[in-house]
Amino acid sequence: MWSTLLNSNTQWVLFSTMILGIAAGMIGCMAYWKRQSLLSDALAHAALPGVIIAFLILGEKNLFFLIIGAAISALIGAWFIQWISESTRIAEDSAMGMILSIFYGFGIMLLTIANRTAAGNQSGLDKFIFGQAATMIRSDVYTMLGLALLVIFIVFIGFKEWKIYLFDPEFAKGLGLSLKGMNVLYTAVLVTTIVIGIQAVGVILIAALLIIPSASARYWTHSFKVMLILSAVMGGLSGVAGTWLSTLGNGWPTGPFVVLVAAALFILSLIFGKEKGLFINYLYLKMDAQKSNARLETGGMAK
Amino acid sequence: MSYAAWIILTASLVGLSCGLIGVFLILRKMAMMSDAISHTVLLGIVCAYLVTKEVSGPAMLVGAILAGLLTAFLVQWLHSLDIQQEASIGIVFTTLFAIGVILIATSVGNAHLDVQHALMGEITFIPWNTTVLPLIGSVPKATVLLAFVFVVALIVIIAFYKEWKLTSFDPALAASLGIPVLFMHYVFMTLVSITTVASFDAVGAIMVVAMLITPASSAYLWTDRLSVMLLLSCAFGVISAVIGYFIALWLDTSISGSMAFATGILFLISFIFSPKHGILAKYVRPTKAY
Amino acid sequence: MEDEVVLSVENLSASYRKNIVLHDIQFNVRGGTLIGIVGPNGAGKSTLIKTLLEMHPRLTGSVQFFGTSFKKAKKKIGYVPQRGSVDWDFPTNALDVVMMGLYGQIGWLKRPSRKHKRKACEALEKMGMEAYADRQISQLSGGQQQRVFLARALVQEADLYFMDEPLAGVDAQTERAIMQTLKELKTNGKTVLVVHHDLQTVEDYFDHVLLLNRTVIDYGPTARVFTKENISKTYGGQLRWMKEESRHVVHSVE
């Protein structure tokens, strides 16, 4: 166990999934307040055909180009979702479900074709579905790390702009902030976070790394800033702990373990969270009933 | 019946059941719930396998129903704790699905259950796994299960047609008229679960979402009547299944992936050419005539 | 029916997680009255109706309809939700929506008969909507949609109606039609509770007023209850008052 931890490649992989988790936790907070938690799920699935097409064109597995392919495909998906839900009576969640499953289906068609070629069969493209951090080589780690740090940097420098953009877009407009520009930037960082997570966590479960930590963080604070930080910490913890767990078994997928850790943190927050945690809520409810009873009694006496 | 005929029949049954259920899914604004249930059903199947040590129809159905209800219940519960509906769905299904995958990958992974199969479906193997029915003879097990589920879904939808309509359109009024809205919600989630699990073998966890949502959405663009929408949705489901099968044959690729892709083609056609809601119609007649 | 207590509420309270949104609610409604429920945003007007109709859990208190429980009196109670609470893109037409009001009477496993259809048509006619029976509901204007909702309430043939802002965002013609219908209901001995927003019309429209802000501020005949003091008590510091030609003009100060 310790030997795997001390292995320098493993250390790099762990470090990069931690940074990925931090980036995902931060972007997840924004997605939560934009009420777009499931959009990240849809976009992750929609990225699959792009990954495979990039591979088919290139003929080899180069993470950087696969990420570009994934990003283009996810953006096309995002554009379709918006177009369908804006121009027809179809609700946004139906549009997301459609794009998610159709793009994924298309991706599976292509994957089956790619796997028939000798190179494709060896390439471990299948690993993109559930992610396997252990298969990352040094250059993959650098690509991932660099992009994740860029995302964190963008969130960090524009912190107050993001805050206004999320909570009061109209006011932001009044301040001269370009909503269109912010939207483009937001979509860009969201898609970047999703696609760099695909190799480590997989297309199916990367969304969990965006959704769960932000929901957990809400149980501890009312401040957006603290929520962002907590969500980042929990995301980072889930990333690194999940990846480590998955290296314990032979060929274990990383994604599910990352999700498991995130879910465990969520359950802890749900129960013990300072704000609206179940335990606190229970105490409040008891107090409510008591207050109400007390009123009843005094009311009765007054009559 | 020939090998191809069995596959087409099975796929058509998937199209019919999913088309029927899908209409109410999108009208009840629960499209993403189907995505969630299609994932968590995996956990139900794994647990059923762990208990009975076999991958059989009835055990799978029970496992799937329990998993589906658990998902619906947990989502409802988290939502009642002030977590956004969307986020609740995301949390519940990814977690339960992750547990299912881990169970398969660590302990029960064998010839009967593997993740690949769960995600992509194995419709090509269906005709070989047969059972003998009285009067009819040898029939693929998956086809029998699907036919059974379709009949159940059809009966439940038709018998309570007006209640489904009312609880979908105006749950508040339904409640004030004394219709058990919450109970019907869980009945519906059960229908979604059994439809999903029956379609699982054929198309897998994610493509079943395409079969559920897309034909119904396409139908929604063509008509303003619920009954017509149901018929169209079923028809689109069957057409997608058949077209998908032939695309897969032609390109020699995944049948389930091709079916999902085919639902997309039908939707695209509806999206462009639908006389009332299509983009072409909007382009020709930009203002809506009242 | 008249003078009989049709609704009695005692010590009702309801909470929305940490916050108590309603407390010490206590009032009795007699038959044949038309009551406006008036109060500021967030006063718990919709929650009150939902709690009475057991769509929202109550914390304490008891509610009686016609001297019995809600479950037993259900058939005598009609409810008109807010117009915004449903999706008007639903694939159905106006007549069908009106028919939905009859589903409780039709019963399980049965289909609407010709008799039910006729009843629904009559209700639409009464609201001046017969020409729109086959219209898809998204193609109706806001006022027309509200009239369809009213028609749906009429076919229920209830004795006690709860209406959540039936006059919000409707045209003048619809407002007149709706108020005329409500007054007819009252004349026929029915009781109607209406959540109402527009303070200026309260005196013209309702014979009773229930001033609500988390609890009942006052309740009784409009002439007695709807006074300046009571209203400013209900609305707190949110209002500025002017009296113009015996009409209250109210400005909301956000």
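A polar contact here is a pair of N or O atoms within 3.5 Å, where, within protein, one atom must be able to donate a hydrogen and the other to accept it. With that in hand, the interface of chain B and chain A in this predicted model turns up 13 residue pairs in polar contact, both partners at pLDDT 80 or more. The largest share, 15 residues, comes from H4(B). Sorted by class, this side of chain B has 36 nonpolar, 17 polar and seven charged residues.

As for extent, 60 residues of chain B are in contact with 54 residues of chain A. Between them the two chains bury about 4,800 Å², with 74% of that area on carbon and sulfur atoms. On the chain B side, B:Met32, B:Gln84 and B:Glu86 account for 14% of the area buried against chain A, more than any other three residues. Two salt bridges are counted between chain B and chain A. A:Arg89 forms a salt bridge with B:Asp224, with 3.0 Å between the closest N and O atoms.

Chain B also meets chain C, where 32 of its residues are in contact with 33 residues of chain C. Here about 2,900 Å² is buried between the two chains, 65% of it on carbon and sulfur atoms. C:Asp87 pairs up with B:Lys29 in a salt bridge, the closest N and O atoms lying 2.5 Å apart. Nine residue pairs are in polar contact across the interface of chain B and chain C, both residues at pLDDT 80 or more. From chain B, helices H6 (141-159), H7 (161-169), H8 (171-176), H9 (181-220) and H10 (226-251) each bring at least two residues to the side that touches chain C. H7(B) gives the most, with seven residues. This side of chain B divides into 19 nonpolar, four polar and nine charged residues.

Chain C itself holds an open sheet of three strands in the order E2-E1-E4, with antiparallel pairing. Strands E2 (19-30) and E4 (60-65) sit at the edges, each pairing on one side only. Neighbouring strands of the sheet are turned by 15° against each other on average, direction ignored. Strand E1 (residues 5-16) of chain C pairs with E2(C) over eight bridges in the antiparallel sense, and C:Ala14 has C:Leu22 of E2(C) as its bridge partner.

Key
Residues are numbered from 1 along each chain as its sequence is written. Chains are lettered from A and ligands numbered from 1 in the order in which they are written. This is a predicted model: local features need pLDDT of at least 70, side-chain atom pairs count only at pLDDT 80 or more; totals for chains, interfaces and linings use all residues. Side-chain values use heavy atoms; hydrogens and water are left out. Contact means heavy atoms within 4.5 Å. Buried area is the accessible area (1.4 Å probe) that two parts lose on being put together, summed over both. A salt bridge is a side-chain nitrogen of Lys or Arg within 4 Å of a carboxyl oxygen of Asp or Glu. A polar contact is a pair of N or O atoms within 3.5 Å; within protein, one must be able to donate a hydrogen and the other to accept it, and residues adjacent in sequence count only if both atoms are side-chain atoms. Helices (H or I, at least four residues) and strands (E, at least two) are DSSP runs, numbered from the N terminus. Ala, Val, Leu, Ile, Met, Phe, Trp, Tyr, Cys and Pro count as nonpolar, Asp, Glu, Lys and Arg as charged, and the others, Gly among them, as polar. Two strands pair if DSSP finds at least two bridges between them. Axes are lines fitted to C-alpha atoms, for helices over the stretch in contact, and angles run from 0 to 180 degrees between N-to-C directions.
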